[in-house]
Amino acid sequence: MKKIQMVDLKGQYNAIKDVVNPSIQQVIETTSFINGPKVHEFQKNLETYLGVKHVIPCANGTDALQIAMMGLGLKPGDEVITANFTFAATVEVIALLNLTPVLVDVNEDDFNINIEALKKAITPKTKAIVPVHLFGQCANMEAVMQIAKEHNLFVIEDNAQAIGANYTYSNGNKVKAGTIGHVGATSFFPSKNLGCYGDGGAIFTNNDDLAHTIRGIVNHGMYERYHHDVVGVNSRLDSIQAAVLDAKLPKLDSYNKARQTAAKKYNEAFKDIETIITPSITGGCRENICNTCDCHVFHQYTLKIKGGKRDALVKHLNENGIPCGVYYPIPLHKQKAYADARYNEADFTVTNQLVKEVISLPMHTELDDEQIEHITSTVIKFVNG
Ligand SMILES: *Cc1c(COP(=O)(O)O)cnc(C)c1O
C-alpha cells in the first residue's frame, strides 16, 4: 500500500507534471514574474469557471478577506458577524482592521453558521456577515442573503474551503460558492481544493465599482501609477503561482469528483457504526444527492465521534501511520487573541461540543481503495473495541 498522506501533493504533482512544468518554465523564460500575462489568463479563466464578473487575484486567502473588507469601506467599530467554528484567519482580519468581531454558534449537522444565532447577534452596529463555507459546502446562503437584505448588511463569503462547490437555491438555480454574497474570498494554499505551489488567493465580485476599488487596494491604493488615492496593501498573486493554478483549473471538477468519490466510500464503510456520525450534506442541496449536484467538495472529510473516544482515536491512528486532523480543536471565543467578556458560554453549546467530537480523515485527490479500506477498518475496529 502507498503511504497514506493527509493530503498527497506529491502524488497529484506527479500526475500533472507534464502540464505544470512547462507552464512554470514559460514564466521563467519570459521573466514576467509579477503581473505577467499568466496572471491575467488565470483570472479570466477563473471568472469563466465561476460565472462571476470579476476575479481579483491576491497574495493569499487571509489577504483576500482583509481586502474585501477594506473594499467595502468597513470602519473601526463596525460589527462583523462570523462563525465561531472556523480557521482563525476569518476573525483575525476583522480584528486587524479594528472592526468588532461577533462570533456566533454553528449548526450541529453541517458545521456552518447558525441562522438563528446570526439573527440574534444583529445590532444597530452590525455592518457585515462573513459566512464560512466550512469543509467544502456552503452555509445557508439563501437565509444569509435574506437577513443581509433586511438589515442592509454586506455579505463576504469565506470560500477558502469550497471552491468549485455549487449552491442550489430553493428554486433550483445553481451558482458557484463564493459568487453569492457582495464579495467572496478564496485561498490557493497548496492543500486547498485548488492549490498552488506557494501562497495565493483571490477576491470575487459581480459589482464593477467594488472590483475597481479592490484592484487599487491590492496595489498600494493606486488607480493611476504613483497616485495613491486610498491606503492599500501589496498583495499580488505571482506569475509562477498563476501558471500552476491555470494548469490545474481545468482539473478542478475532476479533483472535486475524486474527493466526493472518496467521501462516498468512507460514508458507506461507516454507515452502520453507531458512534460515528458521517458528514451531513446540506449546502443548498435539497435531495441529498451531492454526487450529482456538487454541493459538497469535501475540502475535509470530517466525522463526529460520539461517546468520548475522539482523542483516543486520534492517538491510535497516529500510532498506526494514519494521519488525521482535528479542525478545529479550540473555539475562537476561547482563543487568547479573541476572547471577550461579551461572549457567553451558553451561546456556544454546539461549537463547544464539536471541538471535542470532530476528526478529519485523509482527504485528497489521490486516495485509492486499498488506503480507504485500511483507514476505515482501522477506525471501525478501534471505535467498536
Ligand atoms: C485557509 C483558510 C483561510 C486563509 O487562507 P490563506 O491562504 O492560508 O491565508 C481563510 N479561511 C479559511 C476558512 C481557510 O480555510
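Helix α3 (residues 61-71) lies across β1, β4 (126-130), β5 (154-158), β8 and β9 in the predicted model. Its axis runs at about 165° to β8. Contact here means heavy atoms within 4.5 Å. Axes are lines fitted to C-alpha atoms, for helices over the stretch in contact, and angles run from 0 to 180 degrees between N-to-C directions. Helices (H or I, at least four residues) and strands (E, at least two) are DSSP runs, numbered from the N terminus. Helix α4 also packs on the sheet, where it touches β2, β3, β4 and β5. The direction of α4 makes about 150° with that of β3.

The model is predicted, so local features need pLDDT of at least 70 and side-chain atom pairs count only at pLDDT 80 or more, while totals for chains, interfaces and linings use all residues. Residues are numbered from 1 along each chain as its sequence is written, and side-chain values use heavy atoms, with hydrogens and water left out.

The sheet of 7 strands is open, with mixed pairing and the order β1-β9-β8-β5-β4-β2-β3. Two strands pair if DSSP finds at least two bridges between them. Strands β1 (54-58) and β3 (100-104) form the edges, and each pairs on one side only. From one strand to the next, the twist averages 25°. Pairing of β2 with β3 is parallel and spans 5 bridges. In this pairing, Glu79 stands opposite Thr100 in β3.

Strand β13 (residues 301-305) pairs with β14 in the antiparallel sense over 4 bridges. Leu303 stands opposite Ile359 in β14. In a regular strand the side chains alternate between the two faces of the sheet. In β14, Val358 and Ser360 point one way, and Ile359 and Leu361 point the other way. All of these residues are buried. Buried means under 20% relative accessible area, exposed over 50%, and partly exposed in between (1.4 Å probe, protein chains only).

The UniProt record, an unreviewed entry, places the feature "active site" at Lys192. UniProt positions are given in the numbering used here, feature names are shortened, and annotations may be inferred rather than shown by experiment. Lys192 is found in the loop between β8 (183-187) and β9 (201-205). Lys192 is buried, with a relative accessible area of 16%. Residues up to four places away in sequence aside, Lys192 touches Ala160, Ser187, Arg259 and His299.

The loop between β8 and β9 also holds Phe188. The structure contains 14 aromatic pairs. Rings of Phe, Tyr and Trp (its six-membered ring) pair if their centres lie within 6.5 Å; planes under 30 degrees apart count as stacked, over 60 as edge-to-face and the rest as tilted. The ring centres of Phe42 and Phe188 are 5.5 Å apart and the planes stand at 75°, so this pair is edge-to-face. Phe42 lies in helix α2 (residues 37-50), so the pair ties together parts that are 146 residues apart in sequence. Phe42 is buried at 0% relative accessible area. Phe188 is likewise buried, at 0%.

Phe87 and Tyr328 form a tilted pair, 6.4 Å centre to centre with 35° between the planes. Phe87 lies in the loop between β2 (79-83) and α4 (89-96), and Tyr328 in the loop between α11 and α12 (349-357), so the pair ties together parts that are 241 residues apart in sequence. Phe87 is partly exposed, at 46% relative accessibility. Tyr328 is buried, at 13%. Phe85, Phe87, Phe111, Phe135, Tyr327 and Tyr328 form one aromatic cluster.

The structure holds 0 disulfides. A disulfide is a pair of cysteine sulfur atoms within 2.5 Å. The sulfur of Cys58 is 11 Å from the closest cysteine sulfur, in Cys196, which is too far for a bond. Cys58 is buried at 0% relative accessibility. Cys324 is also buried, with a relative accessible area of 16%.

His212 sits in helix α7 (residues 208-217). His212 is partly exposed, with a relative accessible area of 48%. The C-alpha atoms of His212 and His54 are separated by 9.3 Å, and the two residues are 158 residues apart along the chain.
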